[in-house]
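Good morning, and thank you for coming. Please look at the sequence and the structure on the screen while I take you through them.

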Amino acid sequence: MTLLRTHALTAGYGPVTVLHGLDIEVAQGEIVVVLGANGAGKTTTMRAISGTIPRGGTVEFEGVEVHKAGADTIVRAGIAQVPQGRGTFPELSVEDNLRAGAFVRTDGNSSIAADMQRWFGVFPRLAERRSQRAGSLSGGEQQMLAIARALMSRPKLLLCDEPSMGLAPLITQELFHVIQQLNKEEGLSVLLVEQNANLAMHMAHRVYLLETGTIVASGSAAELSADDAIRKAYLGF
Amino acid sequence: MELFLQRLVDGLSEGSIYALLALGLVIIYRGTGHLNFAQGEMALFSAYCVYQFGEWDIPIGIAVIMGMAVGFLIGATAEVALVRPIAKKSPFAVFIVTIGLFQFLNWLDGAIWGGQQLPNTGVGSKQPRFPHLFPSADTDFVRIFGAEITIKSLGTIGLVLVITAALFLVFNRTKLGLAMRAVASNADSAKLVGIRTSTVLMVSWGMAAAIGALGGVVTAGNAQSVSQSLMFQVFIYASAAATLGGFDSPGGAVIGGLTIGVIQNLAAGYAPDWVGQEMKVGVSFLVIVAVLLFRPSGLFGTAKVERV
């Protein structure tokens, strides 16, 4: 079943158009990776879907058109974005960051607290720092916090914007492992944009290649790595 | 000793008013990064309304709550109708817009209530003087260590403490407070967790003006009248209080306000020859300049640091 479908998605900043009509699909339970170099439009794609910038074309989520909705409606519909560069609330404590992540939920404080415990179990380093300001965490911890915060809204689809940026490969692996686990065990669907092809390809069910705002190739990870030209250009081997 | 205590309490009481307006400035600044130049005039409009409610025989306790509601409406409307559309074009222009709002509100006061001090028997006011929130007759004082401490001073200080405690609870224990702190910390991410940032900003402006309205009513009560120039100086001291405490710290605004009130009163009281009533402004500004040289973000303000 298709969870997310964009058709002819366009977006940009002021007079500059960055996305030139993207068709992207994410099926229920899928991890889809969009690979692209700097400036290809990865972040713009994320922001166009999450409704934080004006966009054209259509975005359907669970068969409902959401491209006219604001960012807060998109979150309520079940799409949570982990922004590029973590985007935590630096002045707020780790716990308050997570509480803010649950802002759209209406199922009561006790189940929100239970979820918080759950993510502390997945990310023990956050549990140790639960009353510290988010701004005092290391880059890797902030990225964990950003992911946990997004998960606090109990999303159906998680958007991840370059989670590996600025992190040691080992920490990136750890994060990707958590995302994979969530996908396998809970059926969480994930749309992840990355520059770091090697790590991201491993966990992707399907991959799109993004070049200057246009999808130039798509397919399974195996199909794309079998293509010589693509392998050389994006995977470096 | 008695004199010192008396000056101290007078200073705290005066400072409490600065604190109320400074709190409003800080709430708005945290949300949008704007200095609301019209903060004092919003409070003044509310004070004029409270005078009007008094003319309609509404007791001061109810009138002040109605005045705060009027303040909330003015603040919220200003954010939606003026600040929001302009901020999209240029953040700096917002400052100019709040100066415009300052002038507009002051003109509006004059247009509705005239240029004279109110209450005024000349225009048929029924009230003998602008009502005070607290008992303020000459006999309403308590003796502490020989010093005559007026009830209205104690009441004003208590009022600020109650408002500060209430704000603390709102910020730290409610969903609205969490949203306000999140927007202040990172507005883009606040949107991503589903917070309607525009609603939060509207409420912030409303709250700021409502709290400021209290400051306006107490100022008018102390002066026993309301007039168009009532809030000019108070606003300047309030801005100074917010600067001293740190523009992003509500607690700092309160401590900043109280500090300025106390410094002014002690300086004017103990060095009347070279400070006196006229120059007491100067002393507090000297202190502020000294503080800012060492702590540019104010005593309790946070210098923005971010690790990536």
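Two strands are said to pair if DSSP finds at least two bridges between them. Helices (H or I, at least four residues) and strands (E, at least two) are themselves DSSP runs, numbered from the N terminus. What you see is a predicted model, in which local features need pLDDT of at least 70, side-chain atom pairs count only at pLDDT 80 or more, and totals for chains, interfaces and linings use all residues. Residues are numbered from 1 along each chain as its sequence is written, while chains are lettered from A and ligands numbered from 1 in the order in which they are written.

Let me begin with chain A and its sheet. Which strands make up the open sheet of six strands, and in what order? The order is E6-E7-E8-E3-E9-E10 in chain A, and the pairing is mixed. At the edges stand strand E6 (79–82) and strand E10 (214–220) of chain A; each has a single partner strand, so one side of each is left without a neighbour in the sheet. On average, neighbouring strands of this sheet are turned by 15 degrees against each other, direction ignored. For angles such as this, axes are lines fitted to C-alpha atoms, for helices over the stretch in contact, and angles run from 0 to 180 degrees between N-to-C directions.

Now consider strand E3 of chain A, residues 31–36. E3(A) and strand E9 (residues 206–211) of chain A pair in the parallel sense over five bridges. Within that pairing, A:Val32 stands opposite A:Arg206, and A:Leu35 stands opposite A:Leu209. Five bridges also join E3(A) to strand E8 (residues 189–194) of chain A, and these two strands run parallel. There, A:Val34 has A:Val193 as its bridge partner.

Is E3(A) buried or exposed? A residue is buried if 20 or more other C-beta atoms lie within 10 Å of its own, exposed if 12 or fewer, and partly exposed in between, with C-beta atoms placed from the backbone. Six of the six residues of E3(A) are buried, so the strand is largely enclosed by the rest of the structure. Both of its faces are covered: A:Ile31, A:Val33 and A:Leu35 are buried on one side, and A:Val32, A:Val34 and A:Gly36 on the other.

Helix H1 (residues 42–50) of chain A lies across E3, E6, strand E7 (157–161), E8 and E9 of chain A, running at about 150 degrees to E7(A).

I turn to the helices of chain B. Helix H1 of chain B covers residues 2–32, and at 1.5 Å a residue its 31 residues should span 45 Å; the end C-alpha atoms are 45 Å apart, which agrees. The expected span is 1.5 Å times one less than the number of residues. Of the 31 residues of H1(B), 25 are buried, so this helix is largely enclosed by the rest of the structure. B:Gly33, with a positive phi near 75 degrees, follows H1(B).

Helix H2 of chain B, residues 39–55, has 17 residues that should span 24 Å, and its end C-alpha atoms are 25 Å apart, which agrees. Here 15 of the 17 residues are buried, so H2(B) too is largely enclosed by the rest of the structure.

How do helix H9 (residues 232–245) and helix H10 (residues 250–270) of chain B pack, and at what angle? They pack at an angle of about 120 degrees, with their axes 7 Å apart. That makes H9(B) oblique to H10(B), since angles under 35 degrees count as roughly parallel, over 145 as roughly antiparallel, 65 to 115 as roughly perpendicular and the rest as oblique.

Finally, some backbone details. Most residues other than glycine have a negative phi, and most peptide bonds are trans. B:Asp57 is not a glycine, yet has a positive phi of about 65 degrees. B:Asp57 lies in the loop between H2 and helix H3 (60–89) of chain B and, with 9 C-beta neighbours inside 10 Å, counts as exposed. A:Glu62 likewise has a positive phi, about 50 degrees, although it is not a glycine. With 16 C-beta neighbours inside 10 Å, A:Glu62 counts as partly exposed. The peptide bond from B:Leu118 to B:Pro119 is cis, with omega near -5 degrees.

Terms used
Contact = placed C-beta atoms within 7 Å.
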